[in-house]
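Here is a short tour for a reader who is new to this structure. Keep the sequence and the 3D view at hand.

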Amino acid sequence: MQQKLSTALLEAHVFSSGRRYLAQEGFTELFPPRLVRASGACENVNTLFEVSSDKDFNWFGTTGHKHHAYLAQTGQLYLEAFVPYLEKTYCVGPSFRAEPGNDTRHLIEFMMMEIEFKGGFNQLLKYIEGFVYSIAQDLVRLAPQQQKTMGLENEIERLGKVKPIFPKITYDEAIAKLGLTWGDDIDSTKEQELVEQYDNHPVFITRYPDPMYDHGKEIEVEKFFNMLPDPEHPGRVLSADLILPIAGEAVGSAARIDDAKTLVERLERSKMFDRLKKLGGNLDDFAWYIERSKEKMVPHAGCGFGMSRILRWIANTDDIKKAVTFPSNQEQII
């Protein structure tokens with residue numbers, strides 16, 4: 001129980017610290033729904049949890065217009081809809097993903113902190129750096145007794161070495177460094193090989209392949225449809241993943257499409273949409289978001305902080321299930 005208590009105290013402090021940073025930067029907290037249509041999905045809709053009522057999966061909607069509903073994986077599109085009016089938005093809530101099995105990296109329910117704001121890619125990277133760095137600094141500044149109650153007495157020196165500016169490497173450069181084939185996904189083992197080359201410091205991998213671009217071959221790496229193509233590097237998108245020592249990919253981010261027509265075109269051409277159609281979905285699942293986009297859009301960007309992986313990095317634990325107070329996976333529901 002002592003270990004669980006330490007974990008609970010650390011979780012509470014980290015979330016409070018993250019909220020404090022975002023409030024200081026002028027972000028407004030919103031509360032997106034967690035029972036959604038496919039507009040609450042990430043890249044792979046096959047990991048959605050479908051919701052029924054009395055075993056009826058078409059319970060939702062009006063008479064003659066029933067549809068499916070799911071547990072949300074992200075609040076991204078809901079935050080985006082308010083950026084033209086509030087400029088900086090964020091949310092905190094669970095992400096539900098049907099990840100099979102029982103491994104050290106995945107949970108089926110985990111907490112996310114997500115931001116969307118009026119601005120561009122470079123500012124996005126600064127916010128991510130600021131968020132992670134400020135949390136580490138808050139922990140370093142705690143009294144030794146508080147650090148001990150959170151189980152961090154052996155981690156403070158390591159957290160104190162985190163720099164305010166993180167190394168950045170493009171996907172193309174990372175593939176070359178790791179000896180992979182261009183178009184490959186970068187798995188967890190290779191992620192750790194990469195951070196070791198940067199003294200085990202958090203590292204950004206930027207400018208991933210654009211999934212809508214003709215690369216002349218199928219590529220394994222897959223990204224969300226709503227990512228802005230890099231005008232200076234054809235075939236790449238303005239996206240970045242933050243890779244943490246121990247925990248791996250913990251933040252996915254990108255500048256977003258700010259043209260409604262282009263957004264719909266990319267959605268309809270995406271692998272995500274192909275999978276959705278096989279599940280019985282269609283463009284109507286995104287109707288509210290598309291309509292909002294037609295009303296008003298501004299250049300914007302955002303990201304999702306995987307808080308369980310950030311906690312795993314902070315606590316220096318070998319298993320993500322040890323990093324949260326109440327872990328859930330396919331084999332463990334409490």
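Glu87 lies in the loop between helix 2 (76-86) and strand 7 (88-96). The model is a predicted one. Phi of Glu87 is positive, about 75°, although Glu87 is not a glycine. Most residues other than glycine have a negative phi. Is Glu87 buried, partly exposed or exposed? Glu87 is partly exposed, with a relative accessible area of 41%.

## The whole protein

How many helices and strands are there in the protein? There are eleven helices and 13 strands. The radius of gyration is 20 Å, close to the 20 Å that the globule rule gives for 334 residues, so the protein is as compact as a globular protein of that length. The C-alpha trace spans about 60 × 50 × 40 Å along its principal axes.

Of the 334 residues, 53% count as buried.

## Surface and charge

The protein exposes about 15,400 Å². Carbon and sulfur atoms supply 51% of that area.

The protein has 39 positive side chains and 49 negative ones. How far apart do the centres of the two sets lie? They lie 2 Å apart.

## Two cysteines

How many disulfides does a search of the whole structure find? The search finds zero. Cys91 shows why for its own sulfur: the closest cysteine sulfur, in Cys303, is 10 Å away, too far for a bond. A disulfide would need the two sulfur atoms within 2.5 Å. From the side of Cys303, the closest cysteine sulfur is in Cys91, again at 10 Å and too far for a bond.

Are these cysteines buried or exposed? Cys91 counts as buried, at 0% relative accessibility. Cys303 is buried too, with a relative accessible area of 2%.

## Helix 11 and what follows

Helix 11 covers residues 307-315. The helix is mostly covered: eight of its nine residues are buried. Which residues of helix 11 are buried? They are Met307, Ser308, Arg309, Ile310, Leu311, Arg312, Trp313 and Ile314. Two arginines are on that list, Arg309 and Arg312.

Asn316 follows helix 11, and its phi is positive, near 60°. Asn316 is a residue other than glycine. At 39% relative accessibility, Asn316 counts as partly exposed.

Thr317 is also found in the segment after helix 11. At 11% relative accessibility, Thr317 counts as buried. Which residues does Thr317 touch, not counting those up to four places away in sequence? Thr317 touches Ile246, Arg312, Lys322 and Ala323. Ile246 is 71 residues from Thr317 along the chain. The C-alpha atoms of Thr317 and Ile246 are separated by 7.6 Å.

## Phe15 in helix 1

Phe15 is found in helix 1, residues 2-24. Is Phe15 buried or exposed? Phe15 is buried, with a relative accessible area of 12%.

Leave aside the neighbours of Phe15 within four places in sequence. Phe15 is then in contact with Val92, Met111, Met113, Met307 and Leu311. Met112 is 97 residues from Phe15 in sequence. In space, Phe15 and Met112 are 9.9 Å apart, C-alpha to C-alpha.

## Lys261 in helix 8

The place of Lys261 is in helix 8, residues 260-269. Is Lys261 buried or exposed? Lys261 is exposed, with a relative accessible area of 61%.

What separates the C-alpha atoms of Lys261 and Ser293? The distance is 9.1 Å, and the two residues are 32 residues apart along the chain.

Note on methods. Residues numbered from 1 in each chain as written. Predicted model: local features only at pLDDT ≥ 70, side-chain atom pairs only at ≥ 80, totals over all residues. Heavy atoms only, no water. Helix = DSSP H or I, 4+ residues; strand = E, 2+ residues; numbered from the N terminus. Rg over C-alpha atoms; globule rule 2.2 N^0.38 Å. Buried < 20%, exposed > 50% of the residue type's maximum accessible area, 1.4 Å probe, protein only. Areas by Shrake-Rupley, 256 points an atom, 1.4 Å probe, with all protein chains shown as cover. Lys, Arg positive; Asp, Glu negative; His and termini not counted. Charge placed at Lys NZ, Arg CZ, Asp CG, Glu CD. Contact = heavy atoms within 4.5 Å.
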